[in-house]
Amino acid sequence: MSGQSQRLNIVPTVTTLGVVKARLVGATRGHALLKKKSDALTVQFRQILKKIVSTKESMGTIMKSSSFALTEAKYVAGENVKHVVLENVHSASLKVRSRTENVAGVKLPKFEYFTEGETKNDLTGLARGGQQVQACRGAYVKAIEVLVELASLQTSFLTLDDAIKTTNRRVNALENVVKPRLENTISYIKGELDELEREDFFRLKKIQGFKKREIERQLAAAKQFAEEKVVEKVSLQKGISINAAHNLLTTAAKDEDIIF
Amino acid sequence: MANRVQIPGRNSALIAMIADEDTITGFLLAGVGNVDLRRKTNYLIVDSKTTVKQIEDTFKEFTAREDIAIVLISQYVANMIRLLVDSYNKPVPAILEIPSKDHPYDPTHDSVLSRVKYLFSAESVASERR
């Protein structure tokens with residue numbers, strides 16, 4: 001994969017080094033926090049999953065009992081129950097309200113059901129079996145309760161699933177892309193800075209060497225000059241050539257006999 | 001980025017139903033049915049004469065409607081439009097599969113639980129109910 005451990009393209013100076021270091025600290029802290037969030041969300045997820053499984057089972061049994069009650073009512077009140085009920089539908093008396101709950105930073109929807117208006121008790125046309133019909137209605141209302149709870153569990157489940165996926169994606173991105181890139185940038189900048197320092201050092205040393213040599217050369221030149229001056233003086237005094245004077249001074253050790 | 005999904009915090013949302021006649025009768029008895037001014041209902045009775053296309057259209061309509069929060073669908077009806085149900089992944093409205101009189105609840109076909117099963121390949125849902 002290209003760009004797996006590239007570095008950022010910036011100028012390698014001391015200030016940018018500070019900036020990138022700060023970013024690395026931020027990325028590390030963010031990574032730890034996101035990991036914690038992902039763990040908390042996963043815990044919630046598993047809890048909800050367990051609840052969903054148990055609620056679905058209970059829903060199965062409740063639906064069975066309510067359809068049983070319906071069969072009873074049909075048996076008692078005759079087959080016309082269906083038509084009567086169908087005719088009598090106007091506006092729903094059972095509705096659901098949705099709230100958002102905040103769980104570990106994720107907004108989960110939750111449904112709760114409530115009755116609005118009064119339940120239509122005017123099932124005109126039902127001559128017999130009123131009690132059975134009421135029992136059936138009660139059973140179905142209970143079933144609705146369970147179903148609403150199940151629905152809210154399911155929606156929170158799906159939302160959590162989504163949130164966990166995004167958080168995990170971010171964790172992985174930080175861990176595998178952002179942090180290595182920043183670390184590589186830091187080592188690159190440090191390398192460049194070291195190299196610049198070495199260059200500087202080297203240049204300094206070279207200049208020092210230069211200067212030293214200059215000084216030595218000057219010293220040597222000055223000594224030469226002084227010697228020649230002495231030689232001139234001797235040759236003037238003695239009336240000998242410069243060369244002879246030179247030889248006098250340099251070759252033999254200083255003879256005590258020679259008096260100036 | 002956190003709230004990409006718009007969860008309507010509304011005060012009254014309906015429960016829609018797509019099921020066989022008996023189940024619908026029971027729920028209508030409980031008071032879940034709603035017929036609005038334009039004679040649009042929030043339930044669909046599925047019998048031997050309803051076509052798959054009708055069911056699909058109603059399902060799409062229910063999920064697109066703003067005021068429906070839950071859609072109850074019989075499991076054997078859901079099996080008919082399994083593709084549509086499985087590809088639906090919005091949290092609101094919630095799709096709930098309910099058993100019917102002749103078809104008891106079967107968790108292996110439930111769209112939500114089947115998604116969970118592939119999440120936990122080691123511990124499947126069926127193994128939890130031991």
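Trainee: What does the accessible surface of chain B come to, and what share of it belongs to carbon and sulfur atoms?
Mentor: This is a predicted model, so treat each value as computed from it. The accessible surface of chain B comes to about 6400 Å². Carbon and sulfur atoms hold 52% of that area.

Trainee: How much of chain B is buried?
Mentor: Buried here means under 20% relative accessible area. Chain B has 130 residues. The buried share of them is 50%.

Trainee: Which pattern do the elements of chain B follow along the sequence?
Mentor: Start with the count: chain B has 6 helices and 4 strands. Now read along the sequence. The pattern is β-α-β-α-β-α-α-β-α-α.

Trainee: Why is helix α1 of chain B described as largely enclosed by the rest of the structure?
Mentor: The helix covers residues 21-30 of chain B. Its buried residues include Asp22(B), Phe27(B) and Ala30(B). Helix α1(B) is largely enclosed because the buried residues number 9 of the 10.

Trainee: Which residue just after α1(B) takes a positive phi?
Mentor: Look just past the end of the helix. The phi there is about 110°. The residue is Gly31(B).

Trainee: Which element of chain B has the lowest mean pLDDT?
Mentor: Take the chain as a whole to begin with. Chain B averages a pLDDT of 73, and 70% of its residues score at least 70. The highest element mean, 85, goes to helix α2(B), residues 52-64. The lowest, 41, goes to residues 125-128, helix α6(B).

Trainee: Where in chain B does pLDDT stay under 50?
Mentor: One such stretch is residues 1-5 of chain B, with 5 contacts beyond four places in sequence. Another has 12 such contacts. That stretch of chain B is residues 121-130.

Trainee: What share of the contacts in chain A with a separation of 6 or more comes from residues 24 or more positions apart?
Mentor: First, the layout of chain A. Its secondary structure comes to 4 helices and 2 strands, running α-α-β-β-α-α from the N terminus. For chain B, the share in question is 63%. For chain A, it is 73%.

Trainee: How much of chain A is buried?
Mentor: The accessible surface of chain A comes to about 16700 Å². The chain has 260 residues. Buried residues make up 33%.

Trainee: What ipTM does the predictor give the complex?
Mentor: Two scores apply to the complex. The pTM is 0.69. The ipTM is 0.77.

Methods. Residues numbered from 1 in each chain as written. Chains lettered and ligands numbered in written order. Predicted model: local features only at pLDDT ≥ 70, side-chain atom pairs only at ≥ 80, totals over all residues. Heavy atoms only, no water. Buried < 20%, exposed > 50% of the residue type's maximum accessible area, 1.4 Å probe, protein only. Contact = heavy atoms within 4.5 Å. Areas by Shrake-Rupley, 256 points an atom, 1.4 Å probe, with all protein chains shown as cover. pLDDT = per-residue confidence, 0-100.
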